[in-house]
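Colleague: I have the model open and would like to go through it with you. Could we begin with how the chain holds together overall?

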Amino acid sequence: MNNKPLEYRIKIGYYCFPVNSLGPGNRFVLWTKGCNRSCFRCASPNLQSTTGGVFYSTVELIELMKQSNCSGLTVSGGEPLIQAQSVFSLLQDVRIFLPEWDIILFTGFLFDEIDNNIRSKLSTLVDLLIDGPYIDSLNDDLGLRGSSNQKYYFFTERLQPFAKELESHPHPRRQLFLLSDEEMISVGIAPPREKYI
Ligand code: SF4
């Protein structure tokens with residue numbers, strides 16, 4: 001009998017590190033591919049289609065994280081929960097292999113509309129969940145959420161010391177990352193429309 005843990009694959013748009021605009025400290029951030037919410041002025045419209053992206057195994061991602069010198073993981077998208085089983089497997093491995101790391105996850109679903117089993121997994125594997133679709137007219141440029149309808153769920157004590165900063169400080173300064181010779185991304189929470197140049 002093979003006792004090796006199951007290795008899952010996650011389709012992601014891209015990842016980068018060290019990011020300090022999507023949670024406390026230096027973070028490893030990955031954006032999953034695929035989302036059917038179609039929020040008006042979504043910050044990542046290129047991640048909505050499930051076409052494209054690259055599959056990474058949970059083992060590969062854990063190795064990348066170990067080499068990153070970060071102290072936390074932020075999972076965004078796209079919609080991470082359309083790959084819930086694979087994402088949970090990754091978060092489980094983070095808890096095992098990087099036990100000091102904290103975990104933040106963004107979902108476009110409302111926590112209350114999520115299936116009970118998934119909610120229960122989220123509340124054990126995630127330190128901070130930020131839920132709900134992005135509503136452009138409610139972007140008040142505050143906190144780690146894109147718009148004021150989105151709620152914070154602190155499932156553990158780990159990120160509680162940062163609660164005020166995460167909930168009510170101005171959006172953190174965005175960072176630019178080169179993904180390749182041809183692709184650059186701006187990482188962080190999108191500002192309200194009037195602040196775009
Ligand atoms: S839930 Fe997020 S990724 Fe999906 S459309 Fe809305 S803003 Fe874009």
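Modeller: Of the contacts in the chain with a separation of 6 or more, 64% are accounted for by residues 24 or more positions apart. Two residues are in contact if their C-beta atoms, placed from the backbone, lie within 7 Å. This is a predicted model, in which local features need pLDDT of at least 70 and side-chain atom pairs count only at pLDDT 80 or more, while totals for chains, interfaces and linings use all residues. Residues are numbered from 1 along each chain as its sequence is written.

Colleague: What radius of gyration does the chain have?

Modeller: The chain has 16 Å, which agrees with the value near 16 Å for a compact globule of 197 residues. The radius is taken over C-alpha atoms, and the globule rule is 2.2 Å times the number of residues to the power 0.38. Along the principal axes, the C-alpha atoms fill a box of roughly 60 × 40 × 30 Å.

Colleague: How many helices and strands are there?

Modeller: There are four helices and nine strands, and the pattern along the sequence is β-β-β-α-β-α-β-α-β-β-α-β-β. These are DSSP runs numbered from the N terminus: helices are H or I with at least four residues, strands E with at least two.

Colleague: How much of the chain is buried?

Modeller: Buried residues make up 37% of the 197. A residue is buried if 20 or more other C-beta atoms lie within 10 Å of its own, exposed if 12 or fewer, and partly exposed in between, with C-beta atoms placed from the backbone.

Colleague: Which residues have the most contacts inside the largest nonpolar core?

Modeller: They are Phe28, Val29, Leu30, Leu91, Ile103, Leu105 and Val126, in a core of 40 residues. Among the elements that each supply at least two residues of this core are strand 1, helix 2 and strand 6 (128–131). Such a core is a set of buried Ala, Val, Leu, Ile, Met, Phe, Trp, Tyr and Cys residues joined through C-beta atoms within 7 Å.

Colleague: What does Leu91 touch?

Modeller: Not counting residues up to four places away in sequence, Leu91 touches Ile103, Leu125 and Val126. Leu91 is one of the buried residues of helix 2, which include Phe88 and Val94. The cover over the buried residues of that helix includes strand 5 (102–106) and helix 3 (116–125).

Colleague: Changing topic: which residues are closest to the ligand?

Modeller: Cys35, Cys39, Cys42, Gly108 and Tyr134 are the closest of the 15 residues around the ligand; a residue counts as near if its C-beta atom, placed from the backbone, lies within 6 Å. The shell divides into seven nonpolar, six polar and two charged residues. Here Ala, Val, Leu, Ile, Met, Phe, Trp, Tyr, Cys and Pro count as nonpolar, Asp, Glu, Lys and Arg as charged, and the others, Gly among them, as polar.

Colleague: And the backbone: where are the cis peptide bonds?

Modeller: One joins Phe17 and Pro18, with omega about -10°, and another joins Gly77 and Gly78, with omega about 10°. Pro18 is found in strand 1, whereas Gly78 is in the loop between strand 4 and helix 2.

Colleague: What is phi of Arg41?

Modeller: Phi of Arg41 is near 60°, a positive value in a residue other than glycine. Most residues other than glycine have a negative phi. Arg41 is partly exposed, with 16 other C-beta atoms within 10 Å.
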